[in-house]
Amino acid sequence: MAEFEIKNSRGKFRTGVLKTPHGKIETPNLAIVATNGGIKLFDKTDHRKAKLELTISNTFHLFVNKKIPEIKKVGGIHKWNGLKNPIMTDSGGFQVFSLGWGKTHGTGKVLENEKLFHQSKEVRLPKFGKEQISSLTLNSQVKISENGVVFEYSDKKYELTPEKSIRLQKDIGADIIFAFDECTSPLHNHAYNKKAVERTHRWAVRCLKEFKRAQSSALNAQSLFGIVQGGIYRDLREKSSKFIGSLPFGGFGIGGSFGEKQMREVLGWALSGLPNHMPRHLLGIGKLSDIFIGVKQGIDLFDCVIPTREARHGRIYVPSGKIDIGKEIFSKDKKLIDKNCDCWVCKNKIKRCELREYLKNDKLKGQKLAMLHNIEFYKNLFAEIRGSAGKMDKLEKKYYNYLKGRN
RNA sequence: GCGCAGGUGGCGGAGCGGUCAAUCGCAUGUGACUGUAAAUCACACGCCCUAGUGGCUACGGGGGUUCGAAUCCCUCCCUGCGCA
């Protein structure tokens with residue numbers, strides 16, 4: 001099991017080191033998303049250039065893409081993808097939401113404007129009329145039952161149960177794996193969340209049982225993290241935190257949905273029952289404003305698609321704010337993307353106008369460069385956060401535009 | 001000079017009598033992206049405004065036919081290819 005050592009703390013903020021079979025992770029830190037094993041579009045050389053500290057891959061996608069037998073055969077994901085950094089795998093629990101209620105509700109996991117919604121039987125419906133609701137059709141691709149989840153994906157059916165997810169994650173062999181849970185929609189009401197969180201708790205027990213059963217010696221070092229759910233509801237979050245926190249997991253994830261404005265208090269509830277000395281991972285969160293809230297609440301790990309996805313979409317991160325490099329004003333901008341940045345792109349003096357040009361006319365190359373830069377931006381941000389020892393005001397000034405939701 | 005083929009919004013390129021301010025693509029603009037349905041998506045893109053089944057000006061210029069023309073006819077100008 002991954003050993004976690006807290007080095008410094010200040011209030012709830014802490015820095016630490018998480019030891020894994022593939023090296024130490026300095027915390028707080030963020031896992032770059034590598035769904036299918038590697039970062040989208042990256043080849044071996046790109047991965048090397050990125051100097052990754054931690055990545056997270058996805059059990060569901062590796063499963064449906066039939067990669068797991070290959071991975072198992074060669075002896076685990078590190079041998080299969082050639083990465084040297086610690087790797088986590090998500091259990092597939094997020095796809096229960098993103099391919100299910102996420103599609104039905106047409107929303108992501110973090111809801112922007114809480115006030116637009118009111119309570120109803122199962123979901124908190126948008127206030128602007130029932131016509132809209134009828135469009136909440138049955139285009140969900142998942143069926144959730146006590147036993148597990150059946151996904152209808154590319155015209156085929158795939159089943160994940162807690163046991164199956166754990167078995168697959170053992171086959172994949174990442175350093176840190178997650179319990180199979182149900183991520184609910186931010187539009188789900190208390191009643192639905194109660195039902196879901198209780199089921200997730202039963203699944204957590206089943207995951208642990210399967211994890212302990214026939215643990216192969218080679219994979220003994222794998223660490224299983226449990227996941228706290230409960231939506232935006234205080235009683236559910238606290239109960240979930242207490243229950244999941246009482247189980248012998250190697251660490252804990254905070255999952256599920258939030259309203260943008262409730263991040264701080266929901267996190268407080270979700271962390272309230274967890275043992276302090278264990279690592280806490282805030283699943284899927286990665287806006288700077290949320291990261292700052294998270295580390296102040298005592299989150300050690302994050303993962304998020306933002307650095308890579310937004311890079312591919314032409315949004316480049318620099319301390320003064322995001323820049324949409326595709327905009328015409330950058331066509332003549334001969335400045336470096338960020339003169340203080342240590343990424344491969346900036347070190348090779350690739351200018352903003354050049355990056356823009358690649359993104360327009362040599363898209364793949366441009367997207368790779370943009371990703372290299374954004375990954376470095378996040379790596380550097382977390383290094384600064386660790387270096388701050390919890391005194392965040394300087395950083396909050398530096399990243400003012402992000403924290404004020406500007407740009 | 002003759003013979004073809006053409007001239008449409010910032011560009012490319014549809015439309016070939018009415019439902020056309022004009023399909024579509026590009027460019028541009030604005031916005032989105034939070035355990036990757038995302039190398040993506042949405043909206044705008046002639047001018048005016050009280051922003052609408054609103055007004056105005058428009059498919060090289062001019063004239064004509066018609067209830068009605070980007071679409072048909074005449075004429076002029078321009079471009080490409082072929083022939084002299």
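The legends below describe close-up views of a predicted model. In this predicted model, local features need pLDDT of at least 70 and side-chain atom pairs count only at pLDDT 80 or more, while totals for chains, interfaces and linings use all residues. Residues are numbered from 1 along each chain as its sequence is written, and chains are lettered from A and ligands numbered from 1 in the order in which they are written.

**View 1. The surface near RNA strand B.** There are 49 residues around RNA strand B, and G108, C183, G284, V305 and E328 come nearest. A residue is near the strand if its C-beta atom, placed from the backbone, lies within 6 Å of it. At least two residues of this surface come from each of β5 (55-58), α5 (93-105), β18 (301-304), α12 (306-312) and α15 (363-388). Helices (H or I, at least four residues) and strands (E, at least two) are DSSP runs, numbered from the N terminus. Helix α5 gives the largest share, seven residues. By class the surface has 17 nonpolar, 15 polar and 17 charged residues. Ala, Val, Leu, Ile, Met, Phe, Trp, Tyr, Cys and Pro count as nonpolar, Asp, Glu, Lys and Arg as charged, and the others, Gly among them, as polar.

**View 2. Packing of helix α7 on helix α8.** Helix α7 (residues 162-172) packs on helix α8 (residues 190-212) at an angle of about 40°, and their axes are 8 Å apart. Helix α7 is therefore oblique to α8; angles under 35 degrees count as roughly parallel, over 145 as roughly antiparallel, 65 to 115 as roughly perpendicular and the rest as oblique. Axes are lines fitted to C-alpha atoms, for helices over the stretch in contact, and angles run from 0 to 180 degrees between N-to-C directions. The contact involves P162, E163, I166 and R167 of α7, and W203, R206, C207, E210 and F211 of α8. Two residues are in contact if their C-beta atoms, placed from the backbone, lie within 7 Å. Five nonpolar, no polar and four charged residues make up the contact of α7 with α8.

**View 3. Helices α8 and α9.** The axes of α8 and helix α9 (residues 234-246) cross at roughly 5° and come within 11 Å, so α8 and α9 are roughly parallel to each other. On α8, N193, K194, V197, H201 and A204 meet L236, S240, F243 and I244 of α9. The contact of α8 with α9 has five nonpolar, three polar and one charged residues.

**View 4. Helices α9 and α10.** Helix α9 and helix α10 (residues 263-271) pack with axes 6 Å apart, at an angle of about 35°. Here R234, R237, E238 and S241 of α9 meet V266, W269, A270 and L271 of α10. By class, the contact of α9 with α10 has four nonpolar, one polar and three charged residues.

**View 5. The sheet β1-β2-β3.** Three strands form an open sheet in the order β1-β2-β3, with antiparallel pairing. Two strands pair if DSSP finds at least two bridges between them. The edge strands, β1 (3-10) and β3 (23-27), each pair on one side only. From one strand to the next the twist averages 15°. Strand β2 (residues 13-20) is joined to β3 by five bridges, and G16 stands opposite T27 in β3.

**View 6. The β19-β20 hairpin.** Strands β19 (residues 315-318) and β20 (residues 321-324) run antiparallel and are joined by four bridges. The hairpin joins β19 to β20 through two residues. R315 stands opposite D324 in β20.
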